[in-house]
Amino acid sequence: MAAARKNLSALQSGQVSQLLLPFLQLGEDTLDAFEKGLSKAIETDLLAMTVKQRDPAAFEYLRPSSLEEALQYLADLGEDAKIMSGGQSLIPVLNMRLSTPKYLIDIGRVEDLFYIREEDGYLVIGALTKHRDVEFSPLVRKLCPLLIEAVRWIGHPQIRLRGTIGGSIAHADPSAELPCVIAALRGEIVIAHADGEETVTPDEFFLTYLLTSLQPDQMIKELRFPILPETAGYEFTEVSRRHSDFALVEIAAVIDLDENNEITLARLAAGGANPVPCVLEDAEEFLIGKEPTDEVLEEASVLGSEQVEPDSDLHGSVEYRRSLVKALTKRALQTALKRAGGTKG
Amino acid sequence: MNTKEITVTVNGEQLTETVETRMLLADFIRDHLNLTGTHLGCEHGVCGACTVLVDGKAARSCLMLAVQADGSSIDTVESLVKEDGTLHPLQQAFSDNHALQCGFCTPGFMMTLVDFLNENPNPNEHEIREAISGNLCRCTGYANIVKAVEQASQALAKQGE
């Protein structure tokens, strides 16, 4: 443990790869969970990687063509196997040998998991659907425009072309966009394993930095986003050092009004602040039944900033992140309000 | 050693090769096929230098395994110049506008922009800057790259007429 901490501070003071930033946001309390993997990786490879070419450790490559086949592999191989969908987060992790699976199950060609459809009041998206397909889907535009706003913040076009929505959720980066959206909308994550399926809430699914409730024999099958009234306004916004970098703070907001200009629906979540997406419940509750005056939005954003519990890291202090939550919450609510009432932009 | 046979079409030529399963597409292109125009900078998906076209779409070859490309067609920067040595309009525009200095990042910019100009033949400056946001250049400051893309888009439009 002491070795891990020493290595961590060594890393923090040195030049650190962007990819590793999520690991470095670990506070003392949560570091325990990563002690084994992090210290091993640092000792064996991270220091060496400055001089040698990066490449993954050897693994056996499996490429199932159906969900059933993929789940059977998982059931048989368990912890020795790692699932890869688009690989845009996993391959860097493999390149740096932060993960060295014995078996790599490439589900990139499991065609039964590419779909976007409407089902029982939900927008349902197959886990292997690419970010780019979501970004340009007319059905998503119609049923869940917040998702399109959010997806545009993900990486660069090259990344969005190969990265998948299931992969982003499974990776559970605290500053990723999709976990924040699914939490804000009270969506559902459908998990498959060889013996069946189960549906979990984001609250149950995201445990901490890069850690989810997924068991070694499970994989994400689809994401379900509740369809909100067409009149609802929405906004997704974030602050990062450069566009497409990991977000320091991001906010997803949805708001709807009745004919008396009273707020009937409020959905707010913050990403990048806590180890898992943070639903700003106090602010949501406060907004219901109120007229959206400037004072009301201000008060809601203060409530939002009081609910998050950010950590300090290289890029932002606790105070800075908290003030970002406040500023972005207000900004997101203002934009969402402008879009509310069926005048969708 | 874990190996697998893959069939890929690289710059129009179909090849069947046996590769280590852990081999990155970038290493396959450079070390296996000797196409060293594709450059490797960060090797974890930040710098964009290794961008190639996979089935016509820009992708980072350091974020793909060679085995994932099985059955795909790959185009590298070597595919741009014509047999008689005529530069691609993008290459010509980069040269004309001094849009490169050391040249390390240039192949990645080329392949990113080939795909971008296919999708958006008449981009504005904002769209160009957005398109190249995933490629790092430490020499030029990007201004001349943006100018070059504007010139290339006009040249390509003329070519298409």
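Visitor: Which residues in helix 3 of chain B are buried?

Guide: This is a predicted model, so the answer is computed from its atoms. A residue counts as buried if 20 or more other C-beta atoms lie within 10 Å of its own. In helix 3 of chain B, that holds for B:Thr106, B:Pro107, B:Gly108, B:Phe109, B:Met110, B:Met111, B:Thr112, B:Leu113, B:Val114, B:Asp115, B:Phe116 and B:Leu117.

Visitor: Why is helix 3 of chain B said to be largely enclosed by the rest of the structure?

Guide: Because 12 of its 14 residues are buried. As a general idea, an α-helix has 3.6 residues a turn, so residues three or four places apart point the same way. Here the burial runs from B:Thr106 to B:Leu117.

Visitor: What do the buried residues of helix 3 of chain B pack against?

Guide: Within chain B, the partners are strand 3 (51–54), strand 4 (57–60), helix 2 (89–96), helix 4 (125–131) and helix 5 (143–160). Helix 9 of chain A is also on the list.

Visitor: How many residues does helix 3 of chain B have, and what does it reach from its first C-alpha to its last?

Guide: Helix 3 spans residues 106–119, which gives 14 residues, and reaches 20 Å. That is close to the 20 Å expected at 1.5 Å a residue.

Visitor: Which domains does the assignment give for chain A?

Guide: It gives domain 1 (111–226) and domain 2 (233–338). Their centres, taken over C-alpha atoms, are 21 Å apart. The contact takes 21 residues from domain 1 of chain A and 20 residues from domain 2 of chain A. On the domain 1 side, helix 8 (145–151), helix 11 (177–184) and strand 8 (206–208) of chain A give two or more residues each. Helix 11 of chain A gives the most, with 6 residues. That side divides into 15 nonpolar, 4 polar and 2 charged residues.

Visitor: In what order do the 5 strands of the open sheet in chain A stand?

Guide: The order is 4-5-10-6-7, and the pairing is antiparallel. To find the edges, look for strands that pair on one side only: strand 4 (116–119) and strand 7 (196–200) of chain A. Strand 6 (residues 188–193) and strand 10 (residues 219–226) of chain A are joined by 5 bridges. A:Glu188 stands opposite A:Arg224 in strand 10 of chain A.

Visitor: Which sheet in chain A has parallel pairing?

Guide: An open sheet of 3 strands, in the order 1-3-2. Its edge strands are strand 1 and strand 2 (81–84) of chain A. Between strand 1 and strand 3 (residues 103–106) of chain A there are 3 bridges, and A:Tyr61 stands opposite A:Leu104 in strand 3.

Visitor: Which strands does helix 4 of chain A lie across, in this sheet?

Guide: Strand 1, strand 2 and strand 3 of chain A, at about 165° to strand 3. Helix 4 (residues 67–77) of chain A also lies across strand 6 and strand 10 of chain A, running at about 125° to strand 10.

Terms used:
Residues numbered from 1 in each chain as written. Chains lettered and ligands numbered in written order. Predicted model: local features only at pLDDT ≥ 70, side-chain atom pairs only at ≥ 80, totals over all residues. Domains from an automatic or database assignment. Contact = placed C-beta atoms within 7 Å. Helix = DSSP H or I, 4+ residues; strand = E, 2+ residues; numbered from the N terminus. Nonpolar A, V, L, I, M, F, W, Y, C, P; charged D, E, K, R; others polar. Expected span 1.5 Å × (residues − 1). Pairing = 2+ DSSP bridges. Axes fitted to C-alpha atoms, helices over the stretch in contact; angles between N-to-C directions.
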